[in-house]
Amino acid sequence: MTMIWKGWALATGVLAMSALAQAAPPSPAMLANACAGCHGTNGGSAGPSMPSLASQSKEAIVEAMKKFKSGERPATVMGRLAKGYTDADFAAMAEFFSKQKLHATNQTLDKAKIAKGASLQESNCGRCHIEDGKEGKDDTPVMASQWLPYLQMQMAEYQSGKRKMPEKMAEKVKPLSAADLEALLHFYASVK
Amino acid sequence: MTLDRRSFLKLVGAGAGAAGLPLIGRAAEIMPKTGKRVVVIGGGYGGTIAAKYVRMMDKSIEVVLIERNDHFVSCPFSNLYLGGMLPDLNSLTIKYDKLAANHGVKVVQAEVTGIDPAAKSVTTSKGTIAYDRLVVSPGIDFRLDEMKGYDAAAMEVMPHAWKAGPQTVLLRKQLEAMKPGGNVIISIPLAPFRCPPGPYERASMIAMYLKQHKPGSKVIILDANPDIVSKKGLFLKGWKKHYEGIIDYRAAKKVTEVDAGKMSVMIEGLEEVKGDVINIIPPQKAGLIAHAAGLVGTDKKWCPVNPTTFESTLHKDIHVIGDSSIAGAMPKSGYSANSEAKVCATNIVALMNGKEITEMSAINTCYSYLSAKEAVSVTGVYKVNAEKQVIEGVPGSVAVSPDLSEVEAIYAESWLRNILTEMST
């Protein structure tokens with residue numbers, strides 16, 4: 001497509017007049033850098049309610065963006081911003097962020113809760129949130145080193161029903177107490 | 001800018017008449033250029049990011065960031081300080097040491113007094129600095145000729161507080177010292193100006209402070225515009241909910257004259273309004289250095305640029321980003337400047353390496369507080385319309401919050417932490 005346009009533009013002399021005609025389509029970095037004002041340089045967030053995207057699973061980002069766009073996942077600004085992009089844009093951004101190094105957050109966590117979470121995670125969450133949450137099966141998000149406040153906000157949205165829990169997750173979460181869940185979030189936030 | 005226009009021009013033009021040579025020809029060169037170099041003027045929301053991203057993308061390019069001060073105070077969130085939600089401006093202040101150490105950006109603390117596009121050199125208070133490409137990100141300055149009586153002395157009586165720092169502190173002190181039952185005037189200029197929702201957020205924050213601490217006081221908004229410029233429905237809703245009888249909004253009231261002695265303002269020479277605290281947000285234009293360098297277009301206010309590279313359409317190899325540039329549909333906001341800086345840096349690196357430039361893709365996200373716990377936002381994704389060669393919002397993405405939101409106030413705090421961290425590390 002770009003080649004055809006360029007050939008035509010060269011032939012007609014339009015290329016010299018239009019800067020955009022000479023420009024390549026937005027690169028993954030061009031798309032992703034615009035997100036970094038809120039999500040941090042290369043997706044390493046410094047704000048406790050804003051998730052880090054660095055090292056996030058590609059599939060998880062694409063799924064999240066599609067759900068923001070359709071309104072399936074509750075949002076404030078993300079539902080609106082997602083409408084500015086195509087599925088191909090989502091894939092390009094996701095590719096960029098998934099390749100970044102995991103961003104180790106510096107946050108205060110409860111040691112006892114981390115230990116309790118560590119004992120619960122393998123049997124309850126480990127089938128999908130693999131490698132201590134450093135990786136995710138299919139479109140399961142990476143949890144490691146994520147900001148605790150962000151994780152708590154998401155868990156609250158799941159439990160209020162505003163954000164739909166995947167069926168497999170619902171089965172596992174249902175028997176867990178609030179204290180168990182809180183411990184699990186502390187654990188994942190602590191993984192570096 | 002601490003210099004007013006007249007003394008600035010005097011400084012730039014000094015010696016030109018007498019010696020027949022421009023001042024820039026006489027200053028000594030500092031930091032002789034040895035390889036590829038980008039010089040950035042202005043260490044705010046745009047300049048810091050342009051400097052950092054050029055270095056992130058190409059370590060072979062030397063980057064010199066010239067900034068007058070050794071720190072930068074954010075305008076975003078400074079209204080929260082006026083409302084009493086922040087004890088000081090410390091959490092809004094960044095320094096440049098980590099940016100320099102982490103990315104090898106060479107920070108020069110100096111006043112820029114001129115740009116020579118032909119010689120590709122910037123004149124500063126410390127000497128001249130040569131460039132291959134220059135990024136100009138000076139923020140705004142004021143069209144004081146449209147506000148009679150509003151000179152440097154009047155600013156100390158009726159602060160603008162539209163560049164965060166001592167002016168913001170002065171306005172806060174005046175609010176604290178005001179007697180209960182007093183009137184605070186906020187004068188809003190015709191759009192476009194820096195931070196479209198900013199004046200209305202300021203009115204909300206000051207009203208919140210008055211409600212808590214100065215019973216019987218009022219905020220009188222004298223808006224030169226025919227209506228609220230940004231997030232109108234949300235501001236009206238918030239004011240009705242929280243500040244009924246405190247905020248007195250008056251549309252199409254253009255302040256054209258001030259009298260600092262009488263503590264009054266004049267609307268179109270006809271109607272006088274008196275206040276106990278008066279905040280004049282003056283009509284605006286590109287930073288003075290953009291005017292001195294001939295980067296300002298026929299409107300005599302802002303700088304026309306190529307929408308894909310942000311290169312000036314008036315001078316080659318000079319790029320203008322942030323509030324000073326004409327960036328189509330993108331508002332003059334901190335986030336816009338951040339996003340424009342990355343687009344500009346990407347294409348500067350491409351141009352300096354003889355590579356193909358990339359279509360721009362940018363975002364604006366801007367929060368405003370209505371009360372201590374509620375905020376609203378406006379968003380937008382921006383691209384260039386190829387046919388018209390202007391930046392336009394992508395349909396559906398340019399929209400405001402459906403309602404006042406406590407969650408958005410929480411996100412707004414992280415917005416600030418992230419964007420200031422991006423600029424300073």
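Most peptide bonds are trans, and most residues other than glycine have a negative phi.

The model is predicted, with local features needing pLDDT of at least 70 and side-chain atom pairs counting only at pLDDT 80 or more, while totals for chains, interfaces and linings use all residues. Residues are numbered from 1 along each chain as its sequence is written, chains are lettered from A and ligands numbered from 1 in the order in which they are written, and side-chain values use heavy atoms, with hydrogens and water left out.

**Two positive phi values**

Select M31(B) next, in the loop between α2 (16-19) and β1 (37-41) of chain B. Its phi is positive, about 45 degrees, although M31(B) is not a glycine. The relative accessible area of M31(B) is 26%, so the residue is partly exposed (buried means under 20% relative accessible area, exposed over 50%, partly exposed in between, with a 1.4 Å probe and protein chains only).

**Chain B as a whole**

Zoom out to chain B, which holds twelve helices and 25 strands. Its radius of gyration is 21 Å, close to the 22 Å from the globule rule for 425 residues, so chain B is as compact as a globular protein of that length; the radius is taken over C-alpha atoms, and the rule is 2.2 Å times the number of residues to the power 0.38. Along the principal axes, the C-alpha atoms of chain B fill a box of roughly 65 × 50 × 40 Å. Of the 425 residues, 59% count as buried.

**The interface**

Display both chains: 50 residues from chain B and 39 residues from chain A take part in the contact (heavy atoms within 4.5 Å). In chain B, E359(B), Y411(B) and N418(B) lose the most area to chain A, together 20% of what that side buries. Buried area is the accessible area (1.4 Å probe) that two parts lose on being put together, summed over both; for these chains it is about 3,400 Å², 60% of it on carbon and sulfur atoms.

Select R80(A) and E408(B), whose side chains form a salt bridge (3.4 Å, N to O). The rule, a side-chain nitrogen of Lys or Arg within 4 Å of a carboxyl oxygen of Asp or Glu, finds one salt bridge across this interface. Colour α12(B) next: this helix gives the most to the side of chain B that touches chain A, with eleven residues.

**Last stop: T379(B)**

Select T379(B), in strand β23 of chain B. T379(B) has 0% relative accessibility and so counts as buried. Its contacts, leaving aside neighbours within four places in sequence, include V77(A), R80(A) and L81(A) as well as N364(B) and T365(B). The side chain of T379(B) also reaches the backbone oxygen of S397(B) at 2.9 Å.

Notes: Helices (H or I, at least four residues) and strands (E, at least two) are DSSP runs, numbered from the N terminus. A polar contact is a pair of N or O atoms within 3.5 Å; within protein, one must be able to donate a hydrogen and the other to accept it, and residues adjacent in sequence count only if both atoms are side-chain atoms.
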